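Hello,

I am passing this structure on to you. Please look through it first; notes on what was found follow below.

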Amino acid sequence: MRWILVAILGYVSLVIQTAVFRPGGLAIPIHGHWTRPDLVVIVALFIALYFQRHEVFIATWCLGLGADLLSVSGRLGVLALLYCGLLTVLSAVRSGLNRAWVLTQSALTFAAVLVIHVGWYMATRYFGGAETAILRSVEESALDAAMTAILAPYVFWILLRLRGPLGIVVEPYEI
Amino acid sequence: MAAMPVVAVALILLPQSFSDRARVWAGPVFMPLQNLTHGWTLDIAEQIRHDIPARPADETGLQGQLDRLENALAEATARLGEYDRRLHDLAQIRKALDGLPCRLVPGRLLAPEVAGGRAGGLLTEGSRSGVSRGGAVIARHLNRGAREALERGEPVLTAAGLVGVVDEVGPLTSTVRLLADPRTHLMVQIVTRRDGQWRPGPEGVARGTGDGATLSVEGISRTSDVKPGDFVVTSPSSEAALPAYLIVGRVVRCDLKTTDLFYSLVAEPRVPPAETRDVYVLSPERHGPDN
């Protein structure tokens, strides 16, 4: 039941990400870049902070692969590798973090989106035979990361409402 | 669990065409909900754009407003030009069809780079879209499918002539087999113009050469009067699969060896397939049970 719910959550976030936050939809053009929040990273980060560590690896890998399948270009597997690599490391150090704090959620989201997007942009440009354009990649990723960081506490709040069916154990002060 | 990163690395190392194909396969899993959600989003986005109040009209504001209006005017003029062109194309095709019981389904060919991926791949090339390194485009994707009741084998054309035929019909998109595809075989007729007079010429079979740019026409007897510049049109024969007299291309080379019984003709499609975007699918009129 729990994994089915996680799969549904992943599916819905992937669909919303690609259907809602797209050019012409709710993405915002800034300096020629369609800036949009990355809902899938928020869901993956939530899993990394609240799920058991051995589950984080599988869930984030699958989410990454889903994001790979729905991205418009680049090789499959890049996002899967970035998601499971980064978020497993984050999951390992989460005991030192106050995950209920809004600022922590935003800061972690910002960092995760920045790293994942920069990695993806550069890998995609590299495999496509284009210049890696690091500065441009960082600038575009930072815009996405900032927007995602603003949205993250609200999504975390909604996801924490589902803690029962998701089987997450949280301290009372975290709600 | 340890195998998962290895799988990811293996996926990364596989050729780009595999990633493109996987994305095409995965499309139907996400597409129904995506289409539904996207429709709502467009409505919401439109609503938000209308609800944003205009800035107050001080001196700078007036200049800004003027700029915006000029931009809107330029955009509207461009759109009007496009609609005008479409209308002109439609009128021309309708006139040429001369009362044939058929309907024209307007569509748009997706860019080859786009067709391999899902929506707008910038760096991808996919064998499914007919693109290969150093190869030629012989198939394109069309943004119309079974939803518009398209069927396999229906001709795809512009006002300038035939582009190809519908090859595979998906729910929302189709593949168009272009004229230059070696699998394309058409019964054609040569139309000549001598001394200002148009004359129907011999009939033959046109077949794509696979180079993405030309067709070879076979079966034209050596006694025929054929020259470079003559038109190639679809055959009026009742055995032909396509409607008659759709312009296929023009003869560009006309070789004949002394021992040959038939001309070796090379024709160039009238419509350059790589640059074509707006097309029409000629589909038979379908009447419902009430009609």
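**Where chain A meets chain B**

In this predicted model, 27 residues of chain A are in contact with 28 residues of chain B. On the chain A side, α1 (2-19), α3 (53-70) and α4 each supply at least two of the residues that touch chain B. By class, that side of chain A divides into 18 nonpolar, 8 polar and 1 charged.

**One helix pair across the two chains**

Helix α4 of chain A (residues 78-92) packs with helix α1 of chain B (residues 3-13), their axes 8 Å apart and at an angle of about 150 degrees. Angles over 145 degrees count as roughly antiparallel, so α4(A) and α1(B) are roughly antiparallel to each other. Their crossing is left-handed.

From α4(A), the residues that take part are A:Val78, A:Ala80, A:Leu81 and A:Cys84. They meet B:Met4, B:Pro5, B:Ala8, B:Val9 and B:Ile12 in α1(B). The contact of α4(A) with α1(B) has 9 nonpolar residues, with no polar and no charged ones.

**A barrel in chain B**

Chain B also holds a closed barrel of 6 strands, in the order β1-β2-β5-β4-β3-β12, with antiparallel pairing. On average, and with direction ignored, neighbouring strands of this sheet are turned by 45 degrees against each other.

One pair in chain B is β4 (residues 161-169) with β5 (residues 174-178), joined in the antiparallel sense over 5 bridges. For B:Val165, the bridge partner in β5(B) is B:Arg177.

Regards

How values were computed
Residues numbered from 1 in each chain as written. Chains lettered and ligands numbered in written order. Predicted model: local features only at pLDDT ≥ 70, side-chain atom pairs only at ≥ 80, totals over all residues. Axes fitted to C-alpha atoms, helices over the stretch in contact; angles between N-to-C directions. Helix = DSSP H or I, 4+ residues; strand = E, 2+ residues; numbered from the N terminus. Parallel < 35°, antiparallel > 145°, perpendicular 65-115°, else oblique. Left-handed = near helix turned anticlockwise from the far one by under 90°. Contact = placed C-beta atoms within 7 Å. Nonpolar A, V, L, I, M, F, W, Y, C, P; charged D, E, K, R; others polar. Pairing = 2+ DSSP bridges.
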